[in-house]
2 protein chains.
Amino acid sequence: MQPDDKHRRATIHDVARAAGVSAATVSKVLRGVKTVRAENAERVHKAVSELDYRMDPVASGLRGEQRRIIGAVVPDLESPFFGKLVTELESLAEAAGYHMIVASSRENEAREADLAARMNDWRVAGCILVPVRSERGPGAEKLLDFGMTAVLVDRVSADERFDTVSADNHEASASVADLLIGQQGHKHILLHGATRISKAIRNRLAGFGERARTLDPGVVIDELLSDEQLETQRAAIRSYFDGQVDGHRPTAIFSLSQHSTLLVLSEIRRMGLKIPEDVALVGFDDADWMQTTWPSITAVAQPVSAIAERALAALLARVEGEHTGFPVQYLEPCTLLVRQSAGQTETERPRRSGRSG
Amino acid sequence: MQPDDKHRRATIHDVARAAGVSAATVSKVLRGVKTVRAENAERVHKAVSELDYRMDPVASGLRGEQRRIIGAVVPDLESPFFGKLVTELESLAEAAGYHMIVASSRENEAREADLAARMNDWRVAGCILVPVRSERGPGAEKLLDFGMTAVLVDRVSADERFDTVSADNHEASASVADLLIGQQGHKHILLHGATRISKAIRNRLAGFGERARTLDPGVVIDELLSDEQLETQRAAIRSYFDGQVDGHRPTAIFSLSQHSTLLVLSEIRRMGLKIPEDVALVGFDDADWMQTTWPSITAVAQPVSAIAERALAALLARVEGEHTGFPVQYLEPCTLLVRQSAGQTETERPRRSGRSG
DNA sequence: CTTGCATAATAAACCGATTTATCGTCGGAT
DNA sequence: ATCCGACGATAAATCGGTTTATTATGCAAG
């Protein structure tokens, strides 16, 4: 057996020869053009399966402008949120007959721009971009330069160039203010963010602040935001608490990201404070462990599936020319999951559950 | 301004014209062939930057056999383990001058095979495959059929066709047996797995079992393995504990995956059992929350970075022809992080840390 | 001055598909 | 019988690079 022949894939010409027709005819059959005699179509299909023919997407992509690929750029693939987002996006894309290529900008705006250019290189039909910072970053700029059709997701506000999709960070954070201030009457609250670059974080900050001042103009809100290294941030939290005059500590903390929640939780534990007795805690972005840990953590759950669906639908509507109007901003509502760390009453705690429930 | 011209990208011929040389010369300059006069190379580079020229990878890939892309197929992009793995792989690949395309088989073997074929379509130089089940799955089969160079990662044992890289699941699980049986003297242990398909899980099972029987032939080991839905698995755990005669409960649990750990933890809590007093817990696969939760969870940390480095190095060695010998099995050592849920003594618990530590 | 050889540059073929322009055939209308 | 239009099929051009075969140039040796 010749190793060369063994792994040389069949071309469209091989199929044409086997079926006794021309390559053009094979191409027509394969892409569903109707002007082909039924008998010939039959023979082509037979030849295709006999030769195990697969169309070469590289060659196909060169001439054809029919691109059935969509690109997705996210800032990070380690976080469950983006992991779930790309998984859902890919599922939806395949269901609509598209392939998807995923890439991570690794929280780096220069890389974000480079990936946008790379998506253009691969001639994607459209691109989903989750920017590192916001809709005004270099990625969106590049997409515009190239005239690509795209949808901006998650770390964005309204934009006049692209459709945008995100969780309703503003309203969800306001509802956290409702819980902590309106219902529980906290007078001194710490807002903690492990990064301040993301537009999403800034929207959460604003949403909480505005509602808080409406509910109680006298509420004291401290903000601890930083882009520093992990250990520096840990130290900042301890130093913040040490600096508070005893008895004037914040009685509640709203952590603005999952990463932030973990950090705060870890430092609270280290300082020996009790949750929620000494300090209540609400986190933005839910995770599996938050309902299992003790005490369980009250958190804002983001509508990942809804975001993915909306984003892909919006993109395909643009790609397929069904929507050509002005850019639209989609805001998907979040859910506040009230658990023990803030708001859940004693009687709601889980108990020993016997055989009969 | 003509919109057509605005977004039409410059071709190699445009560059050739602008530099006053032929397209062949431009191609040589761009791919670093030395047989070009320095002056011409200079003019080409100038023309490239003036025209913002980017090589078209689609056209380039058609003729050239020089593929600078490597493919990665993982079973899942939502788990932090694979998220981190692909992130590191991509980083390393780029550092070596390769691009990477990532895809998720979503724990589906048919999809795994399809993705392998798709990687072949895109003419990747090599492929990293994390199979859904094991090295004997349809993905590896396809890779072999196509004559692709590939490395199999994580859910694998030694293979006679491809290099394999994984955590040393067997030895790590044996060291868990050392801790629970050798040091702590547990006589009745439950092994829990939320799936039994994965080769990694089966290796963990075997590693624990063999060492356990060596240490104490009389030890009782129960196994609770299932591929059922979440709720079914929860019920199975409760039913298992209800079925045990009182006082003959297992005194320790070894959960074989992160998912499993979370599930077990959740049910232990619901049953009102205390950790580690009523039952000790060790989990395979560490997560950030495990050291923050209370009690903190003893876990086996996998060497993700080492696995990524080894896998990519092995693949590139094959791709670049530096290694042509028999397939090699690489086993990377894990680390057992002993925390409160098993093994950590009272005095090691974290305490209130003042200003001076 | 011619020959030989190494070095550079280029025209042209090529990769594998898609698309266009051309051509042949057949049935029906004139 | 001739012409026309509809329909199918195909040869050839095309996409944007890479690679090969050929040609042109310069310089040293004979």
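Reader: Where is the place of Arg339(B)?

Author: Arg339(B) is found in the segment after β12 (335-337) of chain B. Please keep in mind throughout that this is a predicted model.

Reader: Is Arg339(B) buried or exposed, and why?

Author: Arg339(B) counts as buried because it has 23 C-beta neighbours inside 10 Å, and the cut-off for being buried is 20 or more.

Reader: Which residues is Arg339(B) in contact with, leaving aside neighbours within four places in sequence?

Author: With those sequence neighbours left aside, Arg339(B) is in contact with Gln291(B), Ser296(B), Ile297(B), Thr298(B) and Gln344(B).

Reader: And how far apart in space are Arg339(B) and Thr324(B)?

Author: From C-alpha to C-alpha they are 44 Å apart, although 15 residues separate Arg339(B) and Thr324(B) in sequence.

Reader: Let's switch to strands. How many residues of β6 in chain B are buried?

Author: Strand β6 of chain B, which covers residues 188-193, has five of its six residues buried, so that the strand is mostly covered.

Reader: Which strands does β6(B) pair with?

Author: It pairs in the parallel sense with strand β7 (residues 220-225) of chain B, over six bridges, and within that pairing Leu190(B) stands opposite Asp222(B). β6(B) also runs parallel to strand β8 (residues 252-255) of chain B, to which four bridges join it, and there Ile189(B) stands opposite Ala252(B).

Reader: What do β6(B), helix α10 and β7(B) make?

Author: Helix α10 of chain B spans residues 199-215, and together with β6(B) and β7(B) it makes a right-handed β-α-β unit.

Reader: What about chain A, in which sense do β9 and β10 run there?

Author: Strand β9 (residues 280-284) and strand β10 (residues 298-301) of chain A run parallel and are joined by three bridges, with Val282(A) standing opposite Thr298(A). On the other hand, β10(A) and strand β12 (residues 335-337) of chain A run antiparallel, again with three bridges, and Ala301(A) has Thr335(A) in β12(A) as its bridge partner.

Reader: How many residues of chain A and chain B are in contact?

Author: There are 44 residues of chain A in contact with 43 residues of chain B. On the side of chain A that touches chain B, the elements supplying at least two residues each include α6 (80-95), β2 (99-104) and α7 (109-121) of chain A. By class, that side of chain A has 18 nonpolar, 11 polar and 15 charged residues.

Reader: Now the DNA: which residues come nearest to DNA strand D?

Author: Of the 26 residues around DNA strand D, those that come nearest are Arg37(A), Ile12(B), Ser27(B), Ala59(B) and Arg63(B). The surface near DNA strand D draws at least two residues from each of α3 and α5 of chain A and α3 and α5 of chain B, and its residues divide into 11 nonpolar, nine polar and six charged.

Reader: And which come nearest to DNA strand C?

Author: There are 26 residues around DNA strand C, and Thr11(A), Ser27(A), Ala59(A), Arg37(B) and Arg63(B) come nearest. For the surface near DNA strand C, at least two residues each come from α3 and α5 of chain A and from α3 and α5 of chain B.

Reader: What does UniProt list for residues 10-64 of chain A?

Author: The UniProt record, an unreviewed entry, lists residues 10-64 of chain A as "domain: HTH lacI-type". In the model that span is 67% helix and 0% strand, and its end C-alpha atoms lie 20 Å apart.

Definitions and conventions:
Residues numbered from 1 in each chain as written. Chains lettered and ligands numbered in written order. Predicted model: local features only at pLDDT ≥ 70, side-chain atom pairs only at ≥ 80, totals over all residues. UniProt positions renumbered as here; feature names shortened; annotations may be inferred. Buried ≥ 20, exposed ≤ 12 C-beta atoms within 10 Å, placed from the backbone. Pairing = 2+ DSSP bridges. Right-handed = clockwise from strand over helix to strand, strands pointing away. Contact = placed C-beta atoms within 7 Å. Nonpolar A, V, L, I, M, F, W, Y, C, P; charged D, E, K, R; others polar. Near = placed C-beta within 6 Å.
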